[in-house]
Amino acid sequence: MKLLVCVSKTPDTTTKISFANNDTEFNTQGVQYIMNPYDEWYALVRALELKEALGGTVTTINVGPAANDTVIRKGLAIGADDAIRVDAPENCSAYYVAKQIAEQSKAGAYDIIFFGKETIDYNGAQIGAMVAEMLDIPFISYATKMELAANTATISRDIEGGQEVLEVDTPFALSAAKGLAEQRIPNMRGIMMAKRKPLNVVPPVDVTEKVSVASYALPPAKKDCHYIDAEDMDKLVELLHSEAKVI
Amino acid sequence: MVLVYTSSPEGQLKKSAFEAVTYGYKAAQIIGTEVLALTIGNVDNAGVLGQYGASKVLNAAGADSFDSGVYAAIIADVAQKVGATIIVIADDSTGKSLLGRVAVRLDAGAVSGVKSLPDTAAGFVVKKNVFSGKAIVDYNISSDKKVISIAGNTFPPEVVGSDVAVEAAGVDVPASRVRIKEVNTVKGTVPLPEAELVVSAGRGVKDPGNWGIIEELAEHLGATTACSRPVADVGWRPHHEHVGQTGVAIRPNLYIAIGISGAIQHLAGVNQSKTIVVINKDPEAPFFKAADYGIVGDLFEVVPRLNEAIKKFKAS
Ligand SMILES: Cc1cc2nc3c(=O)[nH]c(=O)nc-3n(C[C@H](O)[C@H](O)[C@H](O)COP(=O)(O)OP(=O)(O)OC[C@H]3O[C@@H](n4cnc5c(N)ncnc54)[C@H](O)[C@@H]3O)c2cc1C
Ligand SMILES: Nc1ncnc2c1ncn2[C@@H]1O[C@H](COP(=O)(O)O)[C@@H](O)[C@H]1O
């Protein structure tokens, strides 16, 4: 079983958001980066579980600059066998990233390609579907459970107000949502071993960008909270009706 | 031409379909063209999409169960056939597995979760919330064809016309590589991502046996129930109710948060709600900073009182 896990880095949730260069760039000064939780907790761990049960290899891939190596090493510390980093600038479009992953996957002939359900910074939820289309393989989004028997996977996925259960044969791609696996914390041995595992840096292929950031803005400031006396719920109901107009 | 793909789970068009056509209609007016709607599979009463501005409805029969590869091929083929330059999809679970595929097929730029009509003054610019609602980006799509998915509960459906004819789309339906075994949806309540009114509770409720007053409130309002993550993790509430960064992201008109502290990971999934009411006994609870209306008090006293007030209001 050859498994590929796409890992990205994102600012920690508690990051204070600000912009640079006339609001055309995200200000990375002092930002703490983490591995995207969906990639780390669910996608990577489920891939490792499959490898432990069935044998094979788990490779991670990241598209980004050398600064991402810290996050990549964490993936190796959790248990991936090797890693690929496509040496690309920060903040490329989803299409650019997808193209790089698709190029590298062609060479690797992977049975399953794992994505997170979305990155928690740009919330794109696009790259998995793009890569699947570029490789002409099925894509199952928001997988919350996956079992594999021979070459057939049974997957539960989140849909509006419920779950869908389906079968699909390898090769395919999926995006991982909560439930697919349980978070693993890297141990000392894993961290030591990660230093010696291969991290192959490869050049990107050329891609013409189709989408670019024109500018960033902060959401309009929230008006102060209107406090209502805990005894007077009629007042709340009246405000929800006549002021907020939501009931 | 603007092409809107409207999904139809179990053969039914939902509010998100009407929102998408309304959006497509307005976008078409901006660039001076028409909007066509596309449905896939067996759909009840698809002609109703004309009411929201579709000049025609196309239907691709023979693909009743969802496979992102098959659906994307159909959408892209129809887009080519009718010469669509803008393709609109709802940003729901279906849209999320389709957007990227359709974009690749059409060699188009794509933006997901769009919350504004296109600004064509300088290019083709659409807005999207990023960093879980903590910032807004203006994206410029520079390719000839553009594929966008629109955020839910953002563009209220508007009736502008009447029913139109439904025609066969006349494109090939490729064979599916996905075998759907079961579809289990909660019946009788509006699913969280579509709900306009949401009543949510957290660890402050203390015990799963105490949820009666929360459910009663939801029932009086016709709201869907939600919860914070720890409450789902310990099994007090079902997992599909968990909202936040790792759970469902929602944007209802009204979000009532009861006994929830307002941790940043919780806020990430709910801070785009239009009106937020917070009920918490701790005046320092961080949630009050994100609230429109705040009630400092014991939920076991406040919620029953609120239930009475709503009953009275509904009766009047
Ligand atoms: C990476 C990461 C991802 C996470 N993702 C999510 C997520 O998606 N969703 C999520 O919800 N959390 C998430 N969390 C957890 C989050 O950080 C908080 O721990 C969680 O939201 C707290 O839940 P709570 O508010 O129900 O509980 P608590 O923080 O324990 O708050 C309970 C609140 O109830 C109030 N209270 C108690 N008794 C009463 C009473 N009688 N009347 C009125 N008020 C009362 C208290 O004052 C308190 O404010 C995540 C955490 C991490 C690290
Ligand atoms: N720069 C990147 N390198 C490798 N994988 C990525 C990168 N960005 C995103 N991904 C993967 O694609 C998934 C969805 O990302 P997105 O479409 O940007 O929300 C993530 O959860 C990752 O698995």
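Across the interface of chain B and chain A, the rule finds 12 salt bridges; a salt bridge here is a side-chain nitrogen of Lys or Arg within 4 Å of a carboxyl oxygen of Asp or Glu. The two chains bury about 6,900 Å² between them. One open sheet of 10 strands takes in strands of chain A and β10(B). This is a predicted model: local features need pLDDT of at least 70, side-chain atom pairs count only at pLDDT 80 or more, and totals for chains, interfaces and linings use all residues. Residues are numbered from 1 along each chain as its sequence is written, chains are lettered from A and ligands numbered from 1 in the order in which they are written, and side-chain values use heavy atoms, with hydrogens and water left out.

**Interface**

- The contact takes 79 residues from chain A and 81 residues from chain B, where contact means heavy atoms within 4.5 Å.
- Of the buried area between chain B and chain A, 56% is on carbon and sulfur atoms. Buried area is the accessible area (1.4 Å probe) that two parts lose on being put together, summed over both.
- B:R105 forms a salt bridge with A:E133, and their closest N and O atoms are 2.8 Å apart.
- Helix α3 (residues 93–106) of chain B gives the largest share of the side of chain B that touches chain A, with 9 residues. Helices (H or I, at least four residues) and strands (E, at least two) are DSSP runs, numbered from the N terminus.
- By class, that side of chain B has 38 nonpolar, 24 polar and 19 charged residues. Ala, Val, Leu, Ile, Met, Phe, Trp, Tyr, Cys and Pro count as nonpolar, Asp, Glu, Lys and Arg as charged, and the others, Gly among them, as polar.

**Salt bridges and A:D136**

- Over all chains, the count comes to 34 salt bridges.
- B:R177 forms a salt bridge with A:D136, with the closest N and O atoms 3.1 Å apart.
- B:R177 lies in the loop between β9 (166–168) and β10 of chain B, and A:D136 in the loop between α4 and β9 of chain A, so the pair joins two chains.
- A:D136 has a positive phi of about 55°, although it is not a glycine.

**The 10-strand sheet**

- The order is β13(A)-β7(A)-β6(A)-β1(A)-β8(A)-β12(A)-β9(A)-β10(A)-β11(A)-β10(B), with mixed pairing. Two strands pair if DSSP finds at least two bridges between them.
- The edge strands are β13 (199–202) of chain A and β10 (178–185) of chain B; each pairs on one side only.
- Neighbouring strands are turned by 30° against each other on average, direction ignored. Axes are lines fitted to C-alpha atoms, for helices over the stretch in contact, and angles run from 0 to 180 degrees between N-to-C directions.
- Strands β1 (residues 2–6) and β8 (residues 112–116) of chain A pair in the parallel sense over 3 bridges. A:L4 stands opposite A:I113 in β8(A).
- Helix α3 (residues 94–108) of chain A packs on the sheet, and its direction makes about 150° with that of β6(A).
- Helix α4 (residues 127–135) of chain A lies across β8, β9 (139–149) and β12 (172–176) of chain A. This helix runs at about 155° to β8(A).

**Where the chains join in this sheet**

- Strand β11 (residues 162–169) of chain A and β10(B) pair in the antiparallel sense over 7 bridges.
- Within that pairing, A:E164 has B:V183 as its bridge partner, and A:G162 has B:T185.
- β10(A) and β11(A) form a hairpin with 2 residues between them. A:G161 in the turn has a positive phi of about 65°.
- The peptide bond from A:T170 to A:P171 is cis, with omega near 0°. A:P171 lies in the loop between β11 and β12 of chain A.

**The 6-strand sheet**

- This open sheet has the order β15(A)-β15(B)-β14(B)-β13(B)-β11(B)-β12(B), with parallel pairing.
- Its edge strands are β15 (226–227) of chain A and β12 (224–227) of chain B.
- Helix α6 (residues 233–242) of chain A packs on the sheet, its direction at about 170° to that of β15(B).
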